[in-house]
Amino acid sequence: MRHLAWLLTFAVLGLAQEPDDVPVFGVSVVLPAGLAGQIYNIKAESKKLPDFKKLKPVGTIYTYSLNITPREFNEGFPGVGDLLEWFAIDYTGRFYIEEPGEYGFALTSDDGSKLWIDDKEVIDNNGLHAPETVEGKRKLSKGVHTMHVTYFQGPRFHVALVLEVTPPGGEKKVFDMRDFKPPAEYFESTEKR
């Protein structure tokens, strides 16, 4: 039954794919192993990330990776009407580390963004700015970790949000939650508890 659920999720995702030139911050289909992003309207002329605790979400999206390379943004926000500027997204999720060690992270955004791992800030790329990349490192032990990425889009027409990871001794690549899911035996051991 679990395998059927995964197949259905991937089938729906295949239908939900957008052309490469359209930025997709996520889909409305729940992705159990992905990031969940709460969407917020923010005040026009905001210069930094909002205090999300003071805002009410207007929607939720799900994604396996943040891979919106710098581009023009004229189509509006996919799945949430006509949001084109002055919105924010608060992504959260859990990922599994098989190989412990120091991991490098790079967060590119237009406009501001931040990355936390296990509630510790790793990257601060906040503020109104053109596409900019900020890097940080974090030593991670084997096991499950939490991820929190916040992002806001200021004035219209350009957008970017890319999260990359460099594993110990590895090459930099886009962080994809599917590459950091626990092995099957992890689920079996937690079900026995």
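Which residue forms a salt bridge with lysine 172, and how far apart are the closest N and O atoms? Hold that thought for a second while I say what we're looking at.

This is a predicted model, where local features need pLDDT of at least 70 and side-chain atom pairs count only at pLDDT 80 or more, while totals for chains, interfaces and linings use all residues. Residues are numbered from 1 along each chain as its sequence is written, and side-chain values use heavy atoms, with hydrogens and water left out.

OK, back to lysine 172. Its partner is glutamate 135, with the closest N and O atoms 3.1 Å apart. For us, a salt bridge is a side-chain nitrogen of Lys or Arg within 4 Å of a carboxyl oxygen of Asp or Glu. Glutamate 135 sits in strand β8 and lysine 172 in the loop between β10 (157-166) and β11 (173-174), so this pair ties together parts that are 37 residues apart in sequence. On accessibility, glutamate 135 is exposed at 56%, and lysine 172 is partly exposed at 43%. The cut-offs there: buried is under 20% relative accessible area, exposed is over 50%, and partly exposed is in between, using a 1.4 Å probe and protein chains only.

Now the overall picture. The chain has two helices and eleven strands, taken as DSSP runs numbered from the N terminus (H or I with at least four residues for helices, E with at least two for strands). Reading from the N terminus, you get α-β-β-β-β-β-β-β-β-β-β-β-α. Of the 193 residues, 46% count as buried. Contacts here mean heavy atoms within 4.5 Å, and among those with a separation of 6 or more, 73% come from residues 24 or more positions apart.

Let's look at the sheet. Six strands make an open sheet in the order β2-β1-β4-β9-β6-β7, with antiparallel pairing; strands pair if DSSP finds at least two bridges between them. β2 (59-63) and β7 are at the edges with a single partner strand each, so one side of each has no neighbour in the sheet. Further along, β1 (residues 35-41) and β4 (residues 87-97) run antiparallel and are joined by six bridges, with glutamine 38 opposite aspartate 90.

On the β9 side, serine 113 stands opposite tyrosine 151; on the β7 side, tryptophan 116 has glutamate 121 as its bridge partner. The β6-β7 hairpin has two residues between its strands, and aspartate 118 in the turn shows a positive phi of about 50°. Four of the five residues of β6 (residues 113-117) are buried, so this strand is largely enclosed by the rest of the structure.

One of the β6 residues brings us back to charges. Lysine 114 meets aspartate 124 in a salt bridge at 3.9 Å, N to O. Lysine 114 is in β6 and aspartate 124 in β7, so the pair ties together parts ten residues apart in sequence. Lysine 114 counts as buried at 17%, whereas aspartate 124 is partly exposed at 40%.
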